[in-house]
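Visitor: Could you walk me through this one? I am new to it and would like to know where to begin.

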Amino acid sequence: MFLQLFLIIAIFSLMSCGVESFFLPPSLDTISTYSSMSADLPPLLLSAATAEASSEYQIQFFVYLAFGSGPLLTGLSSLPQIRDDYAAIQSLAGKGTRRGGPLMDLNPLEKAFLPEGLCIADVQHAIDVCPKQFPARTLANPAATCAGSVEELQKYVSEEVFVKTLLAKKCNPLVADRLFQAFSGGTSHYVPVSTLNRRLEDYRKSPLELFAKDLGRANGVRILGFVTLVALIGVVVDLIAVSAMKGFL
C-alpha cells in the first residue's frame with residue numbers, strides 16, 4: 001500500500017510541478033486581459049483568444065491523463081485489499097482460545113479495527129510464549145534470485161509465520177494478529193528478526209503499556225495511509241476532470 005502511495009505522490013508531484021511549468025492554465029491576469037479587451041476586439045480575434053485558452057486546458061488534460069491514469073488505477077486497485085484486510089481482522093472475533101479476565105484499557109486509536117476487546121491474560125500469554133527463533137522461510141526455487149537469497153529471507157519474520165507460530169502455542173488469534181501489527185508498525189507484512197527480538201525484550205519488561213503504545217502507532221499509520229490514498233485519488237480525479245471540462249465543454 002505504501003509503495004502505491006509513493007508512486008501516486010511522485011506522479012502527482014510531477015504533475016503539479018514539472019508539467020504545470022510547461023502547460024499552465026491561463027492566469028487571472030490573462031483572463032482579465034481577455035475580458036477587458038473583449039469589448040474592443042473583433043469577434044474573430046476574440047474567438048481566437050478563447051480557443052487558445054481552451055487549447056491550453058486540452059493539452060493539460062492529456063498530460064494529466066497520461067501521467068495520472070497509472071497511479072490512479074494503482075490506488076483504486078489497492079482499495080479492495082484494504083477492505084479485505086479489515087474484514088479479515090473482524091472475522092477473528094470470538095475465534096480461538098480466550099482466557100477471559102479483565103480487558104486492556106485502550107484509547108480509541110489503540111482499539112481501532114478491533115472487533116472485540118483484548119484480554120490482558122491473552123496478551124501476556126502471547127508475549128511470554130513468543131519465541132526468539134521462528135521457523136526459517138524457504139524458497140521453492142533456491143535459484144530464484146528475484147525472491148531474495150536464503151540468507152536474506154532468514155533476517156525477516158513474515159506475518160503468516162508469526163501468527164501460525166503463536167496459534168500453535170494456544171494464543172488467541174486476534175491477539176496474535178494485533179501483536180504482529182504492533183511489532184511491524186502497521187507498515188509491512190514482514191518484520192526484521194532483530195527488531196522483533198529487541199521489542200520482545202522491551203515488552204517483557206513492560207508488556208501492556210508498550211504493546212498498547214505500539215498498537216496505537218501502527219493503527220495511526222494505517223489510518224493516515226488510507227486517508228492519504230483516498231485524498232490523492234480525489235486530487236488526481238479532480239485534476240483530470242477539471243481540465244477536461246474547461247478544455248472540451
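Guide: A term to begin with: pLDDT is the predictor's confidence in each residue, from 0 to 100. It is needed here because this is a predicted model. Over residues 1-9 the pLDDT stays under 50, and for that stretch the model has 21 contacts beyond four places in sequence. Residues 11-35 also have a pLDDT below 50, and there the model has 32 contacts beyond near neighbours in sequence.

Visitor: And what is the mean pLDDT of the chain?

Guide: The mean pLDDT of the chain is 76, with 71% of the residues at 70 or more. Confidence is lowest in helix α1 (residues 2-19), where the mean is 46, and highest in α7, where the mean is 93.

Visitor: How many helices and strands does the chain have?

Guide: There are nine helices and two strands in the chain. Read from the N terminus on, the elements follow the order α-α-α-α-α-β-α-α-β-α-α. Among contacts between residues at least 6 apart in sequence, 74% join residues at least 24 apart.

Visitor: What share of the residues count as buried?

Guide: Of the 249 residues of the chain, 34% count as buried. In soluble globular proteins, nonpolar side chains tend to be buried together. Here the largest nonpolar core has 32 residues, and those with the most contacts inside it are L118, F162, L179 and F211.

Visitor: Which helices supply that core?

Guide: At least two residues of this core come from each of α4 (120-129), α6, α7, α8 (193-205) and α9. The largest share, seven residues, is supplied by α7. There is also a second, separate core of nine residues, which includes Y64, L229, L239 and I240.

Visitor: Back to F211, then: what is it in contact with?

Guide: Leaving aside neighbours within four places in sequence, F211 is in contact with M104, L118, V123, R178, L179, A182 and Y203.

Visitor: V123 would be in α4, by your numbering. Which residues of α4 are buried?

Guide: In α4 the residues D122, V123, A126 and I127 are buried. They lie on the same side of α4, because they cover an arc of only 130 degrees around the axis. An α-helix has 3.6 residues a turn, so residues three or four places apart point the same way.

Visitor: What covers them?

Guide: The cover over the buried residues of α4 includes α6, α7, α8 and α9.

Visitor: Let me change topic. How many aromatic pairs are there?

Guide: The count comes to four aromatic pairs. One of them is formed by F162 and F180, a tilted pair with 5.4 Å from centre to centre and 55 degrees between the planes. Since F162 lies in helix α6 (residues 159-168) and F180 in helix α7 (residues 173-184), the pair ties together parts that are 18 residues apart in sequence.

Visitor: Are those two buried or exposed, and which residues do ring pairs link into a cluster?

Guide: Both F162 and F180 are buried. Ring pairs link F162, F180, F183 and Y203 into a cluster.

Visitor: What about Q181, where is that and what does it touch?

Guide: Q181 has its place in helix α7, and it is buried, with a relative accessible area of 4%. Not counting residues up to four places away in sequence, Q181 touches E159, G186, A218 and R222.

Visitor: How many disulfides does the structure hold?

Guide: The structure holds zero disulfides. For C130, which is in no disulfide, the nearest cysteine sulfur is that of C171, 7.9 Å away.

Terms used:
Residues numbered from 1 in each chain as written. Predicted model: local features only at pLDDT ≥ 70, side-chain atom pairs only at ≥ 80, totals over all residues. Heavy atoms only, no water. Phe/Tyr/Trp six-rings, centres within 6.5 Å; stacked < 30°, edge-to-face > 60°. Helix = DSSP H or I, 4+ residues; strand = E, 2+ residues; numbered from the N terminus. Buried < 20%, exposed > 50% of the residue type's maximum accessible area, 1.4 Å probe, protein only. Contact = heavy atoms within 4.5 Å. Core = buried A, V, L, I, M, F, W, Y, C linked by side-chain atoms within 4.5 Å. Arc of directions from axis to C-beta. Disulfide = S-S within 2.5 Å.
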